Amino acid sequence: MTRYVMVADLRRCIGCQTCTAACKMANGTPPGVQWRRVVDMEMGVYPDVKRVFIPTGCQHCSKPPCLDVCPSGATFKRDDGIVNIDYDLCIGCASCALACPYGARYLVDDEQFAYGDKPTEDEKVTHNPESVGVATKCNFCVDVIDEGIANGLTPGVDPEATPRCVNSCISGAMTFGDIDDPESNVNQLLNSTKHFRMKTEERTCPGFYYILDGD
Amino acid sequence: MQWGASSRLQSFWDARAACNFIGGGTGCGLLLWAAIGLNTSLPYFPAALIGLLFVAAGLFMVWLEIGKPWRAFNLFFRPQTSWMTREGMVALPLFAAGTIAVLFDADVQLGLELPSPFIPAMITALLGLTFLYCQVQIMHSARGLPAWRASWVMPLLGLSGLTEGLGVYLLVMAFLGTVPTYVQMAAIALVIARAVAWYAYLSALARSGAPESTTAALSRASAGFLTIGHALPLLFLALGFIAPGMALPLAAMAGIAATLGGWFLKINLVTKAAYIPKFTIPAAPVRGQTG
């Protein structure tokens, strides 16, 4: 089996938001919608305070609560663990957005562009009218993954088969791969580090790992 | 502060969604009490008709809320797990049985001779309870929101629906000129039960580590909810027992207050208390060891 997951090394992330920009650029998401965003968090008590940057988005849970509540069947989970949305089925009820403990889903009722009513040249290419009025979220750049696999490439290893946020990360904080493959990049990384997953008490089994420390 | 580092109020569902819970709860509660009243020879169809209209209005409001209203039929596609699908599937027979029951009870006024409304009225009441249960589960299954996923939200909303329905029933019966003692006693019992459920809900929410903004919003709403939805109805009903000559208008006022209290609760629960918790991490990352 294959189970694609994302690993964010919080020791490396510098909060530059390049992943966010790359995602927005590729997917043409409207203002305020960040499928991949970086939370800028403050930890500790003054004067012993640290800034921590946490890349986040859809956690592609093994037990996604968004899937169970979806009345239309628009939200589905693929065999490789990627949770995706069929825009043609979604009715935009937002039940999924309310069920997601990670706040990873968005719903925009009107066409919105970065600068006024008209799309920019980039947005003319990337904007998807079908995404208006329905739930949207990170899909691990499933189009890139599928095309890469079709061309014999390995997601997480070959950039042409890897999510754009990972390719764009300037500090190498983001890693993508198949956790069911014992030899994969993500397994090697996770086996040699201390890591955690967000809100595991929700029993969602998220597919997004965060590295805090070495062995 | 940036979302994620702090909790965030959900903005997906607004007052229109709250109206669905209001219409569903009040309407289904009313259908139940109308059916119970039918067993004691009270008029059925005025209250039942209003109950069906409440449910229909609630569904219409949620239809206005969704992003793709002309695809609304798609909501029937996942009965295996979705309480919203189940709610929709129950709504269809609910309206069918309710319409039949209303027609059967209104046959004299319509100049017809139709069978007794007893069986369709009971079926309607049961379907109404099922519909209400689906609505409660819809809210409970919103796992991203501690204010909604709390286990006590189910008895609280269930009891509130029954109380709101009984509140409107008191109003309708007072208008028709008869409010039996058992209906008033039921109202007292339900109002007290809802207050108990409210305190249990608040207590469970505080123990669960809900966002401070959630508990603060509910604390702000608590005084209004308890005063409008509980203290006033109990006062009016008690005065009605003391002054039987004023019992009907006092019962009507008690009903209005009990109903408005429930609506106030739902508006607050949906639009003011539903915060998505912030992210937390177990420790700060140790920089400089990335290998």
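This is a predicted model: local features need pLDDT of at least 70, side-chain atom pairs count only at pLDDT 80 or more; totals for chains, interfaces and linings use all residues.

Residues are numbered from 1 along each chain as its sequence is written, and chains are lettered from A and ligands numbered from 1 in the order in which they are written.

**Stop 1: domains of chain B**

Select 13–141 of chain B for domain 1, then 150–279 for domain 2. Their C-alpha centres are 21 Å apart. Between them, 26 residues of domain 1 and 25 residues of domain 2 are in contact (C-beta atoms, placed from the backbone, within 7 Å).

Now highlight α1 (15–39), α2 (45–65) and α4 (118–140) of chain B: each gives at least two residues to the domain 1 side of this contact. Helices here are DSSP runs of H or I with at least four residues, strands are E runs of at least two, and both are numbered from the N terminus. α1(B) gives the most, 13 residues.

Colour that side by class and you get 19 nonpolar, six polar and one charged. Nonpolar means Ala, Val, Leu, Ile, Met, Phe, Trp, Tyr, Cys and Pro; charged means Asp, Glu, Lys and Arg; the others, Gly among them, are polar.

**Stop 2: chain A against chain B**

Here the contact takes 44 residues from chain A and 38 from chain B. On the chain A side, β2(A) has the largest share, with five residues. By class, that side has 26 nonpolar, eight polar and ten charged residues.

Definitions and conventions. Two residues are in contact if their C-beta atoms, placed from the backbone, lie within 7 Å. Domain bounds come from an automatic or database domain assignment.
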